[in-house]
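Hi everyone, thanks for making time today. Let me put the structure up on the screen, and then we can walk through it together.

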Amino acid sequence: MNAQKRKILIVGSGVSGLSAAYELLLAGHDVTIWSKEGAAEFPPTSLNAYAMWVPVTDTKDNRVEDWANASRGVFDALSADSATGVKQRKIVKLHEHPDEPWYAGKAANFRHPNPGEIPAEYADANVLDTAPVIDPTVYLPWLHAQVVALGGVFETRTIESFDDCPQEFEAILNCTGLGSRTLTGDTDLHAERVQVVKIRQSGFDDVVIDDDGPHKRACVVPHSDYIKLGAVFDGDIEDTTVSESATADILARCNATVPGLNARSEDVISVVRVHRPERSRTRVELVQLDDGRLLVHCYGHDGMGYILSWGIAQWIARQIAETLK
């Protein structure tokens, strides 16, 4: 066996786990992915994410901006293939007051709105004329298929401790999201409950977001076959029963934010409530198990899972190559 080839276990099959699996397989490793989801299933958090690329940074961790930029390069390339579910769209983040973001002059295709481009109740907007928007219902099956084609092995399994992972695996990658609360005892990690509404596509093409204006929080994310609406973020609550009143509120806020959207209750295709892992800072860290094996933590992306996915995956592949020489 090639001395550089390692047996690696990834725990978790969301967007972070699948992206890392792809990069590690490309690097020539043997990769096994364990997940509590069965065949043709994906973790609800990744499957129902808003999944768009926007600029992000962290003044305490300069890796974050680098990871985001690396991911954009990959998503830009993938958008040339309709089978990936990645498409270039305009993203408009509305603001009630004038706003000059940190990425002005840095992010490609950034500008402020043209006269008459946004509703009069907003004073400004951060506009990306084109940026990758990812349809998870298409993208995750596509990425899963790429991992399988490269030789990745999927098993439906759960674990109670990383020490229980078979010795044959020289490195273990923790992509368990909220499962890391139990596996690592991380008290900085918590669940934010989110309700997501899908409606029939009506010809609307642009992403529109109001995070701090009169209709906050409202998010309209179009895809080829449907439009994803949100958002209700209502804390660390275990119950994921759908709220009909929250659905009505989402429709009303999105209609108010985007005149002409005209989203009606009869247009609703599905509604889900899911938990999104929140953490004060993304944890991407290499540690050692008691037996000396490498454990890589990759969780707590705070809504940036897709944005950072490829950059982190490439970083992990490099770190494993360097550490397991």
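Let me begin with a question: which residue lies over the face of Phe233? It is Arg217, placed 4.0 Å from the ring centre. Please keep in mind as we go that this is a predicted model. There is another arrangement of this kind to look at: Lys198 lies over the face of Tyr226, and here the distance to the ring centre is 4.6 Å.

Now to rings paired with rings. How many aromatic pairs does a search of the whole structure find? The search gives eight. One of them is formed by Trp67 and Trp315, an edge-to-face pair with 5.8 Å from centre to centre and 75 degrees between the planes. Trp67 belongs to helix H3, residues 63-78, while Trp315 belongs to helix H7, residues 305-323, so this pair ties together parts that are 248 residues apart in sequence. And are these two buried or exposed? Trp67 is buried, at a relative accessible area of 4%, and Trp315 also counts as buried, with 14% relative accessibility.

Next, please find Tyr139 and Trp142. Their rings form a stacked pair, 5.9 Å centre to centre, with 25 degrees between the planes. Both residues sit in helix H4, residues 136-149, and they are three residues apart, which is about one turn of the helix. Tyr139 is buried, with a relative accessible area of 0%; Trp142 has 16% relative accessibility and counts as buried too, because the cut-off is under 20%.

Two packed helices are described by the angle between their axes and the distance between the axes. Helix H1, residues 15-26, packs with H4 at an angle of about 30 degrees, and the axes are 9 Å apart. Angles under 35 degrees count as roughly parallel, and therefore H1 and H4 are roughly parallel to each other. The crossing of H1 past H4 is left-handed.

Which residues make the contact? On the H1 side they are Val15, Leu18, Ser19, Ala21, Tyr22 and Leu25. On the H4 side we have Tyr139, Leu140, Leu143, His144, Gln146 and Val147.

Technical notes. Residues numbered from 1 in each chain as written. Predicted model: local features only at pLDDT ≥ 70, side-chain atom pairs only at ≥ 80, totals over all residues. Heavy atoms only, no water. Phe/Tyr/Trp six-rings, centres within 6.5 Å; stacked < 30°, edge-to-face > 60°. Helix = DSSP H or I, 4+ residues; strand = E, 2+ residues; numbered from the N terminus. Buried < 20%, exposed > 50% of the residue type's maximum accessible area, 1.4 Å probe, protein only. Lys NZ or Arg CZ within 6 Å of the ring centre and 35° of its normal. Axes fitted to C-alpha atoms, helices over the stretch in contact; angles between N-to-C directions. Parallel < 35°, antiparallel > 145°, perpendicular 65-115°, else oblique. Left-handed = near helix turned anticlockwise from the far one by under 90°. Contact = heavy atoms within 4.5 Å.
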